[in-house]
Amino acid sequence: MPAAKPVVLVTAASLAPEAVAILEAAGYAVPCTSAYPSEGELLAAIARHRPVALLHRQGLINGTVMDAAAPALRVIARHGAGVDGIDLAAAEARGLTVTRAAGANSRSVAEHAMALMLAALKDLPAVTQGMRDGRWEKTARMTRDIDGVALGIVGYGAIGSKVARLAEAFGMRVAAYDPLLPPGPLPGPGERITDLPALLARSEVLSLHCPLEAATRGMIGQAELAALPRGAILIHTARGGIVDEAALLAALDSGHLAWAGIDVFAKEPLAEDSALRTHPRVLPTPHLAANTPRGAVGMSTGAAESIVAVLAGRLPALPGAVVVAGGLRAAA
């Protein structure tokens, strides 16, 4: 009887066939959990499969989950760029390697951010609802010109810089705040602003593209929203915990913010009774900005290729893939 194949466990209900093929060609079995698995389901799946790697799409990977997979587990590969669903300190303490598919979905997310931005600037949700309600607002409603609108970008990495390029093509005036970038000119279009309050004060549209970490959790709250010009628009395709959602709703209710286009939420899936689903000034989407054929395949194959490389003792080929070196510390 042949020995069972080592397992790469996918923490979601599916994985792109291209990524499954990469892992299977390398000799791994690739079972999946259900969507958004609970800790209990993850522990049960780990007990059943004893994985050597976790390909993390949904759910939370904490120290309890890592310990349950010991000693076989060697690598946790994030399906995407954000690693806030993985306890990095716990992984470091256990000598595990953590990777991410950095940049694989950047174009898809940037395009989604622009779609939300353009729809909000042109009041499209309200205009189309008026048509459905039988109104003809040809002369009763004015929308905005996009050319000349001041766009503030928080986070000027792979996604933020692409948003800047798209916005520049529409004639928007781009400025960016990113304390993680080295000093000097931005690596793309726009003006560098080194002070977040200064960026907020000039941003008719604010678009968030920073990671969720201790320094950014709750970064956009009541004071920050109040610092935006009246009638400003918030576009949020980064991570839900960055924005205080209660403060956001209050700013929308008061009329201080005109619109919020939101793809990410503090708790996902978003509760069915959440006011963010039904607020007339919110354009909500279910964390699908990266869900294009190119984005989905890029994230999946990037994660799969990183797993194959790490398990073979090599650095992943994808630039910026290693978040926690773990067992690759010598190679890194």
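Pro269 lies in the loop between strand 10 (257-262) and helix 11 (275-278), where helices (H or I, at least four residues) and strands (E, at least two) are DSSP runs numbered from the N terminus. The model is predicted, so that local features need pLDDT of at least 70 and side-chain atom pairs count only at pLDDT 80 or more, while totals for chains, interfaces and linings use all residues. Residues are numbered from 1 along each chain as its sequence is written, and side-chain values use heavy atoms, with hydrogens and water left out.

The peptide bond joining Glu268 and Pro269 is cis, with omega about -5°. Another cis bond runs from Ala70 to Pro71, with omega near 0°; Pro71 belongs to the loop between helix 3 (63-69) and strand 3 (75-78).

Most residues other than glycine have a negative phi, and most peptide bonds are trans. Tyr36, in the loop between helix 1 (17-25) and helix 2 (39-49), has a positive phi near 45°. With 38% relative accessibility, Tyr36 is partly exposed, a class between buried (under 20% relative accessible area) and exposed (over 50%), computed with a 1.4 Å probe on protein chains only. His287 has a positive phi near 50° and sits between strand 11 (282-284) and helix 12 (293-311) in a loop; its relative accessibility of 28% makes His287 partly exposed.

The structure contains one cavity of 30 Å³ or more, a cavity being a set of points on a 1 Å grid over the protein atoms alone where a 1.4 Å probe fits but cannot get out. Its lining residues, which have an atom within 4 Å of a point, include His236, Glu245 and Phe265.

Note on methods: On a 1 Å grid over the protein atoms alone, a cavity is a set of points where a 1.4 Å probe fits but cannot get out, and a pocket is an open set with protein on both sides within 12 Å along at least five of seven lines; lining residues have an atom within 4 Å of a point. Grid points are joined across faces, edges and corners, and a volume is the space filled by probe spheres set on the points.
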